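Hi there,

Here is the structure I promised to pass on. Have a look at it first, and then read on for what turned up.

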Amino acid sequence: MFDETQTASTAPTPKDASTVILVRDGRSGVEVFLVRRATGMAFAGGMTVFPGGGVDPSDGVADVRWAGPPVSWWAERFGVEEPRAKALVCAAVRETFEECGVLLAGPTEDSVVASTAGYSEARRQLESRELSFADFLARENLVMRTDLLRPWANWITPVQEGHRYDTHFFVAVVPSGQNADGETSEAAEVAWRTPAAAVDDWRDRRSVLLPPTWSQLAMLEQFDDVDAILAAEPEISPILPELRFVDGKPWVSFPGDAGYYGTGTLPWG
């Protein structure tokens, strides 16, 4: 997984990616939607993650009907240029639909589709890149609801990792009437869990969490309900974990990492 000789000057440039933390209010508090990735995946195979994936070249040039904060607002919040911000937001909405069937779009600027059951073939075409997201939205006369997303965090894969990503995290509530699922080749299992229960699963070695996933779950434990999450305005600064080797074993340092070691299964353990 790691190349000890790789440095910042020799490492591959991180690919932009978007990850969406889907949340809802449950009987025991806030719940998050988690995906255990298929073991054959090149990156994070077998690990438990939030829905998301790499930015597609078409995301940055997508001509879509846009409802919500302008691209300039997203660029400021994430500290990136506007074309990149647009690509990240479009990728967030597209990947959420592809990976779990949740579509943050509607026929008008203040509505959202009640069900995505009728878009199953389009979803397959999107995943296989037979159809662009912009063409899908135009064909169905849908408006992309960026106001249903909130910017949340930014993590960059350590320089010694072979597959590197500059991942921007978003938070979104699953629209009423829609259901998140695991109908994708990338998912081996999906589940709604409270952040505390998800961390317990990891601690009891029933799941494997990368540092960014663990960190977001730990952060979400402090919120009582979805409204509090949506009202939050976390400081978003790029986090680049530092990798070092202790007695020949990798050790990744990142802000708030004290609770990450000594209990749960580590991705490189």
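Which residues have the most contacts inside the largest nonpolar core? They are L22, L103, F133, F136, L149 and F170, in a core of 44 residues. Please keep in mind that this is a predicted model.

Several elements build that core: β1 (15-26), β2 (29-37), α1 (71-78), α2 (82-100), α3 (120-127), α4 (133-139) and β9 (165-173) each supply at least two of its residues. The top contributor is α2, which gives 10 residues. Apart from this core there is another, of 27 residues, including V32, F169, W202 and W214.

Leaving aside residues up to four places away in sequence, L22 touches E31, V32, F33, P51, T96, C100, V102, A172, V174, A180 and W192.

The other spot I would point you to is D181, in the loop between β9 and β10 (187-193).

D181 and C100 are 81 residues apart along the chain, yet their C-alpha atoms are separated by 4.8 Å. With R123, the side chain of D181 makes a polar contact of 2.7 Å.

How values were computed: Residues are numbered from 1 along each chain as its sequence is written. This is a predicted model: local features need pLDDT of at least 70, side-chain atom pairs count only at pLDDT 80 or more; totals for chains, interfaces and linings use all residues. Side-chain values use heavy atoms; hydrogens and water are left out. A nonpolar core is a set of buried Ala, Val, Leu, Ile, Met, Phe, Trp, Tyr and Cys residues joined through side-chain atoms within 4.5 Å. Buried means under 20% relative accessible area, exposed over 50%, partly exposed in between (1.4 Å probe, protein chains only). Helices (H or I, at least four residues) and strands (E, at least two) are DSSP runs, numbered from the N terminus. Contact means heavy atoms within 4.5 Å. A polar contact is a pair of N or O atoms within 3.5 Å; within protein, one must be able to donate a hydrogen and the other to accept it, and residues adjacent in sequence count only if both atoms are side-chain atoms.
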